[in-house]
Amino acid sequence: MAYQNDAINDSYTSNNLKEDSLNVYLVEEDVFYREKEVHELTRVEKFQENPQEKKWRLLRQAVIVFLSSLGMWSCGSVITYSAVVAYDLETHNTTIYGDPIEFSSKEFDQLSSLKTIAAIPGAFAIALLMEPLGRRLCMAISGLLMVVGWFGIAFVHGVEGMLISRVISGVAVGGLSISINTYIVEIVDREIIGKMSVIASSAILGGELVSLTLGYAFRYYTAGLLLLIFPVAFLLSLFWLPEVPSVLILKEDARKILVKLRGKYADIDAEVQSCKDMNKVTEDNRSPWKELRARKTILALVRVCILFILMHLTGYYVVTANCTRIFMVAGSSIDDSIASVMVTSVQLVGALFAGFLIDTLGRRKSLIISYGIMSVPLAVMAAYFGVCGEDILDGEMQKETNPYGWIPVVCLMTSQAAVVLGVNPVPFLLSNEYFPTFIRPQASGICFVVSTLVGSIVLQLYTPMVEGMTEAGVFTFYACSCVVGIPFTFFFIKETKGKRVG
């Protein structure tokens, strides 16, 4: 019996020892896997970009975009400069040399239209040169032309000389618009393209506002010389700005630039291969113009061009160019010049929020929201002209005593602020995002030319439309164009937010 009890105790002790040994093994195994997991997490974190590093890297990209957008400040100042000349020569009729100068009504119209027409060959020329010369050199060529144009406006004698200078400025506007927009889309991270592209569109509005403000304070030639600061600063900044990786890949190793732009933790090999894949057509020596005839490319071009056409049919450019005139006809209770500056200022403020909207909601939703908001104030403007228009034109309602004189100001401020939320910036964005690097300059050039032609036609047709349809009919047409843009965007525009460019 004693022997059996000792055997039982030994067996019990042995089982306990086995269980203890198993428990120790399981604990050690658990500790091992936990240590391995911690090691893996530590290794992953070691090769991941921390928030502070990403913040500084994106800030660097923002500085690059801001400096490149100095060229767009020049474009904006050129757009409204014809109004500066008209305002100045109403009270003065001398050049910088004291010689008399006088513009006819036709020559005043040419002062504005020649710039727009000249932008078309400027855009095409730069589109052809961007592939062999690169984005940065094309930006430099356009910037130099802008400097020549401003010097000509200030120092060249006579009306003919000023018109020729405006042609040179127009060529520069076309070149800068194509090269800078393409440069911005290709240089920044995908997730912030919307925010960064809005810096360029805001720069145009800023240039318009600065040009108008200087025009009210100085003679036209003094304002022109002061506006030289934009293209000169732009040209100086090009010594620091890098070339885009997609161009460098076609000529040399772009890894060094990519590390600076994307960070040392990014998958540089994948982006290099991605750019090579998008540019693989160059290996077959195929012409970009031949590639533009592909069915998929044609469909993308048609969709983007329709967006540009709708942008102008909403009356955005007409209101920008004829803001003072519209306020005069509408009997605004606020001074016409002050009201025009207010509208441009509101656009600039709206543009600051547009980038966050475009990157957060996407291109399609931003367009739909922008069209929807614009349609309301434009419809109200149509109703206002329908109810009060005849009384104002007949002199029965003076602007000083007009109880509804605030309506035109509020409506145009709202519609022009809404246009920068999507209707204006998104077509320019998609004209670069829809196409690969190999054909991007040519495709965006075609879109720009269509936009310029339609904008010129709509601007020239404004007076005949008012005469045939009245102001109420014209603004009804603009509101209906906004409504048409909503289903077109919903059914035919594809989202590009966060996707690979091209």
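Helices (H or I, at least four residues) and strands (E, at least two) are taken here as DSSP runs, numbered from the N terminus. By that rule the chain has 22 helices and zero strands. The model is predicted, and local features need pLDDT of at least 70, side-chain atom pairs count only at pLDDT 80 or more, while totals for chains, interfaces and linings use all residues. Residues are numbered from 1 along each chain as its sequence is written, and side-chain values use heavy atoms, with hydrogens and water left out.

Of the 502 residues in the chain, 50% are buried, where buried means under 20% relative accessible area, exposed over 50%, and partly exposed in between (1.4 Å probe, protein chains only). Among contacts (heavy atoms within 4.5 Å) with a separation of 6 or more, 85% are between residues 24 or more positions apart.

The whole structure holds six salt bridges, each defined as a side-chain nitrogen of Lys or Arg within 4 Å of a carboxyl oxygen of Asp or Glu. One of them joins Glu 186 to Arg 440, with the closest N and O atoms 2.0 Å apart. This pair links distant parts of the chain, since Glu 186 belongs to helix α7 (residues 158-187) and Arg 440 to helix α22 (residues 440-492), 254 residues apart. Both Glu 186 and Arg 440 are buried, and together with Arg 135 they are linked in a network of salt bridges.

Arg 363 forms a salt bridge with Glu 433, the closest N and O atoms being 2.7 Å apart. Because Arg 363 lies in helix α19 (residues 363-393) and Glu 433 in helix α21 (residues 425-433), the pair ties together parts that are 70 residues apart in sequence. The side chain of Arg 363 also meets that of Asp 359 in a salt bridge, at 3.3 Å from N to O. Arg 363 and Glu 433 are both buried, and Asp 359 is buried as well.

Turning to helix α5, we find Gly 122 there, and this glycine counts as buried at 2% relative accessibility. Gly 122 touches Val 171, Gly 174 and Gly 175, not counting residues up to four places away in sequence. Gly 122 and Ser 142 are 20 residues apart in sequence, and their C-alpha atoms are 8.4 Å apart in space.

Helix α6 contains Ile 141, which is partly exposed, with a relative accessible area of 30%.
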